[in-house]
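This report describes the ligand site of a single model and then a selection of local backbone and side-chain features.

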Amino acid sequence: MNPFVTIKDIDQAADRISKKIKITPKVALILGSGLGGLADEVLDPVILPYQDIPNWPVSTILGHSGRLVIGLLNGVPAMVMQGRAHYYEGYAMDQVTLPIRVMQRLGIGTIIITNAAGAINPKYQPGDVMVLNDHIALIGMAGLNPLRGPNLDEFGERFPDMGRPYDRELIELATTTAKENRIQLHKGVYVCLSGPSFESPADLRFLRGIGADAVGMSTVPETIVARHGKTRVLAFSGISNKANLDGSTETTHEEVLAAGKMIVPKLTILIKGVLESTEF
Ligand code: HPA
């Protein structure tokens, strides 16, 4: 028996969604911990709770509403995931990334991913935003690559290139929008760990040593699957806390959600700016 997600599982979910919507979404947005507020910007939304979509992983985490919101965002037909599932919740990597496959099947060409992350770079402060210019797939290197299992040839090749995971043109547009709106936007490297425990001081020193600027528990598996299917990716980290390199403070999920309130207005401006400045 094939224990991996199949094209049939993906199409079951895609069919359910396409029966409920009249528009053809072009851009997808994934909203991370405490960042769901951006979905309020969608006009005339069709809202589908994740439970109503076959095979769709449901998030169990506070700060993740678990709804798909489909409609116009700044005039662009968009599909917004308000909340996401994570590996640490018990899902397999191909289940965590099934939504990406479904959205690819529905014709999405670009995915904008957001996450909450801890700052490793000492220059970053809680409330700051970082655009990802690369990532370290530590969790993939440790064996948890979402493409493990039979290759889904409908989407892409067995050994996809990962030389440019994040789209340079979209990063440029985000940078311009940030400048125009006087938003400080860091550019950096995100490392994905499995979680759910936060990092120890020695973990953090290691992550700093290997070149990470921010650390979180998502995004990289989604980006790998997106790039396997040649979907363009733009990703932002909302910095929710400083890395606790000397063990002197505690990191909490409440802190992560509270920082989201500072970050959502900035992300809203950045994402709307990008949507306005190019064709999708
Ligand atoms: N570590 C890992 N994931 C996170 C953090 C962190 O400090 N903050 C928000 N998500």
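A residue is taken to be near a molecule or strand if one of its heavy atoms lies within 4 Å of it. The model is predicted: local features need pLDDT of at least 70, side-chain atom pairs count only at pLDDT 80 or more, and totals for chains, interfaces and linings use all residues. Residues are numbered from 1 along each chain as its sequence is written, and side-chain values use heavy atoms, with hydrogens and water left out.

**Ligand site**

The shell around the ligand consists of A116, A117, G118, F198, E199, V215, G216, M217, S240, N241 and V256. By class, this shell has 6 nonpolar, 4 polar and 1 charged residues. In this classification Ala, Val, Leu, Ile, Met, Phe, Trp, Tyr, Cys and Pro count as nonpolar, Asp, Glu, Lys and Arg as charged, and the others, Gly among them, as polar.

Polar contacts are pairs of N or O atoms within 3.5 Å; within protein, one atom must be able to donate a hydrogen and the other to accept it, and residues adjacent in sequence count only if both atoms are side-chain atoms.

| Residue | Protein atom | Distance to a ligand nitrogen atom |
|---|---|---|
| A116 | polar backbone atom | 3.3 Å |
| G118 | backbone N or O atom | 3.3 Å |
| N241 | polar side-chain atom | 2.7 Å |

Taken alone, the ligand exposes 260 Å², and the protein buries 94% of that. Accessible areas come from the Shrake-Rupley method with a 1.4 Å probe; for residues, only the protein chains shown count as cover.

The space taken by the ligand is the largest pocket. On a 1 Å grid over the protein atoms alone, a pocket is an open set of points with protein on both sides within 12 Å along at least five of seven lines, whereas a cavity is a set of points where a 1.4 Å probe fits but cannot get out; lining residues have an atom within 4 Å of a point. A molecule sits in either if more than half of its atoms lie within 2 Å of its grid points.

Two or more residues of the shell come from each of β5 (110-119), β8 (214-216) and β9 (232-242). The largest share, 3 residues, is given by β5. Helices (H or I, at least four residues) and strands (E, at least two) are DSSP runs, numbered from the N terminus.

**Backbone features**

Most residues other than glycine have a negative phi, and most peptide bonds are trans. A cis peptide bond joins G195 and P196, with omega about 0°. P196 belongs to the loop between β7 (185-192) and α6 (201-209).

Positive phi values occur at N74, near 55°, and at K230, about 60°; neither residue is a glycine. N74 is found in the loop between β3 (67-73) and β4 (76-82), and K230 in the loop between α7 (220-228) and β9. For relative accessible area, buried means under 20%, exposed over 50%, and partly exposed in between (1.4 Å probe, protein chains only). N74 is partly exposed because its relative accessible area is 29%, whereas K230, at 57%, is exposed. K230 and D161 are 69 residues apart in sequence, with their C-alpha atoms 9.7 Å apart in space.

**Buried residues and their contacts**

The loop between α4 (138-141) and α5 (168-180) contains L147 and N151. L147 is buried, with a relative accessible area of 14%; its C-alpha atom is separated by 32 Å from that of P45, 102 residues apart along the chain. N151 counts as buried because its relative accessible area is 19%. A polar atom of the N151 side chain lies 2.8 Å from the backbone oxygen of G156, and the N151 side chain also makes a polar contact with the side chain of H228 at 2.9 Å.

In helix α5, T175 is buried at 12% relative accessibility. A polar atom of the T175 side chain is placed 2.7 Å from the backbone oxygen of I171.

Which residue is 51 residues from L29 in sequence and 4.6 Å from it in space, C-alpha to C-alpha? That residue is V80, which lies in strand β4 and is buried, with a relative accessible area of 1%.
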